[in-house]
Amino acid sequence: MKKIIIMLFALTLSGECFAQQSSRELKTFSFSGNGYELGLQHGKELKKEIGEIISAWKKNTSSSLGKDADAVLKDFFDYAQFDEAIKKWTPGLYEEIKGISEGSGQKFNDVLLLNLLDEFWVYINNLENHHCSALGVPSRNGEPGYISQNMDLENYTDGFQVLIRLNRAENRPEQLILTYPGLIALNGLNEEGIGVCVNTLMQLKASSTGLPVSFVIRHLLNLTDKEDALHFIQSVNHASGQNYIIGIKGEVYDFEASANQVVRYDPNNENGTVYHTNHPVVNDDIKPWFATYDPNLEDDLKPTGSNSYIRFKAVENRMATHSEISDILVKEALRSKDNLDNPVCRANNKDGKGFTFASVIMTFAKKPNIQILAGPPDESDYAMFVFSNKE
């Protein structure tokens, strides 16, 4: 009888953890080469899916904005003057977009739009769909470090979860990248132990001529040197307000970037942890219409009862005080639903309010690895991906 009770208890726990068992598939692909060649492979291999997600984006845009998506796209590119920055800082990635367009048979601007996710959100001033939660844990006392994220996106992206392996090249380390078809990166990790997770900070000032977020991510993942990574993130002209949690061989850094400044965020926890959601904590380069989010204001003047602040506290309560943090505690934070109306882990309720597209844990050990799953992390378990052996 005692064994039966224990088994029933275990099944109950399992049912609570994965109550909405998901049938989502994380599709995986490997690409080689550089620039146009790399994009051409991507476009050809995912031709069907790229066409489908472009159609889904247009349908969603027309519905949510009440205006034909192609007209919105035209107006957006009258505003978006990112070409010069992309060609200056990441010329190979500009060619990669050309290759994706050619390989998939889609218009260049339609594919480029897929790679300007945050920049489009800035353009339409959409604060509601930005609900990513991220955290960083430095390596200490022989234990591995982590950076991790629930990547929350709009509902129409569900079913398009993709993990891309970029095989190492002469000028590029091997990379494991979360994305969707046609997009060069949402976040990722390279074999040398440099990884990056991101959170939209819509309240910060943006630049229509800066370097877009996905290109910043991919440039960081191409690097192998700590000083190069830290210099780049603090010196490049950023197109969008964004928080970057960067893991560098077990060290963890957090930067809030806007058009006019980049400010490091460090909560000065004894355990070295950092964490972030979707409001600025230290960067005061605020758009006038988001003045209540100015981090210099007293707390009683800020919207501390809003979604981002509630999620921030949920993650902080789990990360700030523990002397040692394992991936078990990281997963607990990512699966948390302390406030059911403002959870860290968001189900796809198909209500237009977005959901957790995928959850990622990057581990900084002697051999870095990435754990990832498609959809909210309380609906299934993580799968681990490792880098190939060097010859």
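**Strands, helices and burial**

Reply: In this predicted model, strands S8 and S9 pair in the antiparallel sense over 7 bridges.

Me: Why is S9 called mostly covered?

Reply: A residue is called buried if its relative accessible area is under 20%. In S9 (residues 251–257), 6 of the 7 residues are buried, and the strand is accordingly described as mostly covered.

Me: What makes S6 and S7 paired strands?

Reply: Strand S6 (residues 187–190) and strand S7 (residues 194–200) are joined by 2 bridges and run antiparallel. The requirement is at least two bridges, so S6 and S7 qualify as a pair. Leu-189 stands opposite Gly-195 in S7.

Me: Why are S1 and S10 called edge strands?

Reply: The sheet is open and holds 8 strands in the order S1-S4-S5-S6-S7-S8-S9-S10, with mixed pairing. Strand S1 (27–31) and strand S10 (262–264) each have a single partner strand, so one side of each is left without a neighbour in the sheet. From one strand to the next, the twist averages 20°.

Me: Which strands does helix H9 lie across?

Reply: Helix H9 (residues 213–221) lies across S4, S5, S6, S7 and S8. Helix H9 runs at about 165° to S7.

Me: How do you know that H6 and H9 are in contact?

Reply: The axes of helix H6 (residues 91–104) and H9 come within 10 Å and cross at roughly 120°. Contact is made by Leu-93, Glu-96 and Ile-97 of H6 and by Phe-215, Arg-218 and His-219 of H9. The term requires heavy atoms within 4.5 Å. The residues of this contact divide into 3 nonpolar, 1 polar and 2 charged.

Me: Why is helix H8 said to be largely enclosed?

Reply: Burial requires a relative accessible area under 20%. In helix H8 (residues 117–124), 6 of the 8 residues are buried, so the helix is largely enclosed by the rest of the structure. The buried residues are Leu-117, Asp-118, Glu-119, Phe-120, Trp-121 and Val-122. Just after H8, Asn-125 takes a positive phi of about 60°.

Me: What makes strand S3 mostly covered?

Reply: In strand S3 (residues 145–153), 9 of the 9 residues are buried. Gly-145, Ile-147, Gln-149, Met-151 and Leu-153 point one way, while Tyr-146, Ser-148, Asn-150 and Asp-152 point the other way; all are buried.

Me: Which strands pair with S3?

Reply: Strand S2 (residues 133–137) pairs with S3 in the antiparallel sense over 5 bridges, and Gly-136 stands opposite Ile-147 in S3. Strand S12 (residues 355–364) is joined to S3 by 9 bridges, again antiparallel. There Asn-150 stands opposite Ser-359 in S12. These strands belong to an open sheet of 6 strands in the order S11-S2-S3-S12-S13-S14, with antiparallel pairing. Its edge strands are S11 (274–276) and S14 (383–386), each of which pairs on one side only.

Me: How do you know that the size of the protein agrees with a compact globule?

Reply: With 391 residues, a compact globule would have a radius of gyration near 21 Å; the protein has 20 Å, which agrees. Of the 391 residues, 58% count as buried. Among contacts between residues at least 6 apart in sequence, 67% join residues at least 24 apart.

How values were computed: Residues are numbered from 1 along each chain as its sequence is written. This is a predicted model: local features need pLDDT of at least 70, side-chain atom pairs count only at pLDDT 80 or more; totals for chains, interfaces and linings use all residues. Side-chain values use heavy atoms; hydrogens and water are left out. Helices (H or I, at least four residues) and strands (E, at least two) are DSSP runs, numbered from the N terminus. Axes are lines fitted to C-alpha atoms, for helices over the stretch in contact, and angles run from 0 to 180 degrees between N-to-C directions. Ala, Val, Leu, Ile, Met, Phe, Trp, Tyr, Cys and Pro count as nonpolar, Asp, Glu, Lys and Arg as charged, and the others, Gly among them, as polar. The radius of gyration is taken over C-alpha atoms; the globule rule is 2.2 Å times the number of residues to the power 0.38. Buried means under 20% relative accessible area, exposed over 50%, partly exposed in between (1.4 Å probe, protein chains only).
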